[in-house]
Amino acid sequence: MQYELAPADLALVLALHRAGTLAAAGERLNVNASTVFRMLQRLERGLGQALFERGRRGYKAMELARTLAAQAEQVEAALEAARTAAQAQPGQAAGTVRITTTDTLLHGLLAPALAALHRAQPRLQFELHTGNELASLTRRDADIALRATSTPPAHLIGRRVGPIRVALYAAKSSAIKHWDQVEAGDAAWVAPDDGLPEHPSVRWRQKHFPTLQPAFRTGSVQSVAELVASGLGVGVLPLFLAEPRRELRRLTEPLDEAETDLWLLTHPETRHLQRVQTVWGHLAAALQLS
């Protein structure tokens, strides 16, 4: 008799496809890793073929598993839409929206925009993931991404918010008052660390000061701003982050070579959900760059 797929089977395949390990898939399904393993064995026996390749890095979906996962995502999206519609009041979105960004963009741009949205849509909740890596929108680890990039992924729906302009700054309290002092080598530098090797500010500094070694390196542009404001050195900062701070002095005009774009991104499968659509539309209108 041909095996009949059940909703639980699709949920299993989707969880393992997204998570990549038995333990992580179990967390998504609220069961332990051994239970996930037994469920997978039973499903593969029923279908008469393997769904995942087992390797040292975990489980990699094979062609049928990818097909089933895609169908499972559609079921998941339909269920989410139905639940949201059942819970929502007229004119009100409801549910949790997961947003991935960096701490710099969160504090400098996203938080003020979300504050206004929360007042207007109190039934929405937000999970905010910050990090330099991009949480996967394809695997539904996040619903919306706010990222600085020159090349947004082609498979995502994107809206360009605008250019992120940057300049070199120092603390007003520091002895560095002019660009000439920086050129003369009188200034200590604060810069992103090796976690951001391709950051536009890093490439710009390496081009114009190839032998310079920053005195202070840190894991985010937000932290660079804090250290520069404390008087530890000069640093390249986004205008939207630095200009509102009275304790900072701009030493240059905007550095065109270090400019990049800010993009608002989401996945085609989730864009139509009311909760995602509401947040996307608000952010597209509210986000403003200096």
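I started with strand 5, where 4 of the 5 residues are buried, so the strand is largely enclosed by the rest of the structure. Buried means under 20% relative accessible area, exposed over 50%, and partly exposed in between (1.4 Å probe, protein chains only). Helices (H or I, at least four residues) and strands (E, at least two) are DSSP runs, numbered from the N terminus.

This is a predicted model, so I kept in mind that local features need pLDDT of at least 70 and side-chain atom pairs count only at pLDDT 80 or more, while totals for chains, interfaces and linings use all residues. Residues are numbered from 1 along each chain as its sequence is written, and side-chain values use heavy atoms, with hydrogens and water left out.

Which strands pair with strand 5? Strand 12 runs antiparallel to strand 5, joined by 5 bridges, with A145 opposite L265. Pairing takes at least two DSSP bridges between two strands.

**The largest pocket**

I then checked the largest pocket, which comes to about 620 Å³. A pocket is an open set of points on a 1 Å grid over the protein atoms alone, with protein on both sides within 12 Å along at least five of seven lines; a cavity is a set where a 1.4 Å probe fits but cannot get out, and lining residues have an atom within 4 Å of a point. Grid points are joined across faces, edges and corners, and a volume is the space filled by probe spheres set on them.

I counted 31 lining residues, with T102, A148, T149, H199 and P200 nearest the pocket centre. Strand 5 (144–148) turns up again among the elements giving two or more residues, together with helix 5 (103–120), helix 7 (200–208), strand 10 (235–238) and strand 12 (260–266).

Strand 8 (190–192), helix 7 and strand 10 each give two or more residues to its lining. Among the lining residues are W189, R205 and V224.

**Helix 4 and the record**

E76 lies in helix 4 (residues 63–87), and at 22% relative accessibility it counts as partly exposed. E76 and E269 are 193 residues apart in sequence but 9.8 Å apart in space, C-alpha to C-alpha.
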